[in-house]
Amino acid sequence: MPGLTARHVVVATDENFAMPTAVTLRSLVENGGGPFAISVLHNGLRTDVRDRITASVPGAGWTIDWHDVSHFDVRPTTASHLPDSTYFRLRLADAIPDDVTRVTYLDVDVLVRRDISALWEDDLNGATIGAVRSVHFPFVGSRGAINDWRVLGLDPRAPFFNAGVLAVDMDRWRANATADATLRYLRSTHCGHGADQEALNAVTEGQWHEFAPAFNQQTPLLDDKHGAHLFHRDDEIDTARADPAIVHFQTRPKPWQRQCAHPWKDAWVEVARQTEFDPIVGLRERSVRDELRRRTRRAASALVKGT
């Protein structure tokens, strides 16, 4: 695509998520509209793993750069079940040139199904971040969203976003020192189990632009049990369910794990089979070690919070 300006994309990963990263990037390049300048934040991925991810992305119209952020140590007050790589997105400003004004961040458990140009082109109306409202936690005051909203002086009725897909105004991100403010929140006693998603919502309350749910189809949107109709129009929900631009495999089991019954699992596996990774090998139960680590983190968090 000669003459077109590359759209900057940032993802964050580690070796455990190498295969999903390959799927996310392949689906992005095939369906998302481009060209793309991709930056991958990681914690020391081996060269052969990086090569396999790169070889999984088809054709032309993209570049990829690797940024080792192993030294980035968040040390949040509250232990989380989330992998350390979830915090790497706070370093996105380090992964792109200073003159880039708009970046899209993607979690690596997403599948891009159609053009997502709006994430770069739509006006954010002066906001720092563009995102899709969380279905699990639609409001700042939702249980488990920002539990200390009253102490922090936040509006409990303010919308709360899911951080798996973010359109970022980099000028405002830098000017407002958003990453530093988010890190301070993570290291404060106010931080709950929501990790950097909670922290980003706390520091950007009233400073984010809402995209339609089709740009981040969250798993709980797929049924009528989570109240999505209270804050999304019926036609927006219908589109997000039937023809999402981005499918976010938000809950376990993931499509690379056994017993996943997600309606878009087959679409994910179809892309995975075209990568340099074997999706069948990846279809495994959570290991005993992973489960023990998850439970230990939750227990430690409960002790810290006194619950």
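Of the 307 residues in the protein chain, 54% are buried, where buried means under 20% relative accessible area, exposed means over 50%, and partly exposed lies in between (1.4 Å probe, protein chains only). Keep in mind that this is a predicted model, in which local features need pLDDT of at least 70 and side-chain atom pairs count only at pLDDT 80 or more, while totals for chains, interfaces and linings use all residues. Residues are numbered from 1 along each chain as its sequence is written, and side-chain values use heavy atoms, with hydrogens and water left out.

The protein chain has 11 helices and 10 strands. Both kinds of element are DSSP runs numbered from the N terminus: helices (H or I) have at least four residues and strands (E) at least two.

Let's start with a pair of helices. Two packed helices are described by the angle between their axes and the distance between the axes. Helix H6 covers residues 178-186 and helix H7 covers residues 195-203; their axes come within 9 Å and cross at roughly 120°. Here the axes are lines fitted to C-alpha atoms, for helices over the stretch in contact, and angles run from 0 to 180 degrees between N-to-C directions. That angle makes H6 oblique to H7, since angles under 35 degrees count as roughly parallel, over 145 as roughly antiparallel, 65 to 115 as roughly perpendicular and the rest as oblique. On the H6 side, the contact is made by Thr178, Ala181, Thr182, Tyr185 and Leu186, and H7 brings Ala195, Asp196, Glu198, Ala199, Leu200, Ala202 and Val203. Sorted by type, the residues of this contact of H6 with H7 are eight nonpolar, two polar and two charged. For that sorting, Ala, Val, Leu, Ile, Met, Phe, Trp, Tyr, Cys and Pro count as nonpolar, Asp, Glu, Lys and Arg as charged, and the others, Gly among them, as polar.

How much of each helix is covered? In H6, seven of the nine residues are buried, so H6 is largely enclosed by the rest of the structure. Those buried residues are Thr178, Ala179, Ala181, Thr182, Leu183, Tyr185 and Leu186, and they pack against helix H4 (149-152), H5 and H7. H7 is mostly covered too, with eight of its nine residues buried: Ala195, Asp196, Gln197, Glu198, Ala199, Leu200, Asn201 and Ala202. The cover over the buried residues of H7 includes strand E6 (129-133), strand E7 (161-169), helix H5 (170-175), H6 and strand E8 (208-210).

Now turn to another helix pair. The axes of helix H1 (residues 18-31) and helix H9 (residues 265-272) come within 9 Å and cross at roughly 90°, which means that H1 is roughly perpendicular to H9. Met19, Pro20, Val23, Arg26 and Ser27 of H1 meet Trp268, Val271 and Ala272 of H9. The residues of the contact of H1 with H9 divide into six nonpolar, one polar and one charged.

Valine 271, in helix H9, is worth a look by itself. Valine 271 is buried, with a relative accessible area of 9%. Leaving aside neighbours within four places in sequence, valine 271 is in contact with Val23, Arg26, Ser27 and Leu111. Valine 271 and serine 56 are 215 residues apart in sequence, and 9.7 Å apart in space, C-alpha to C-alpha.

Loops have buried residues as well. Leucine 124 sits in the loop between helix H3 (118-121) and E6 and is buried, with a relative accessible area of 5%. Beyond neighbours within four places in sequence, leucine 124 is in contact with Arg102, Ile129, Gly130, Ala167, Asp169, His209 and Phe211. Take alanine 167: it lies 43 residues from leucine 124 along the chain, with 8.5 Å between their C-alpha atoms. Threonine 219 is in the loop between strand E9 (217-218) and helix H8 (234-242), and at 18% relative accessibility threonine 219 counts as buried.

Finally, the cysteines. Cysteine 191 is buried at 1% relative accessible area, and cysteine 260 counts as buried at 9% relative accessibility. A search of the whole structure finds zero disulfides, a disulfide being a pair of cysteine sulfur atoms within 2.5 Å.

Technical notes:
Contact = heavy atoms within 4.5 Å.
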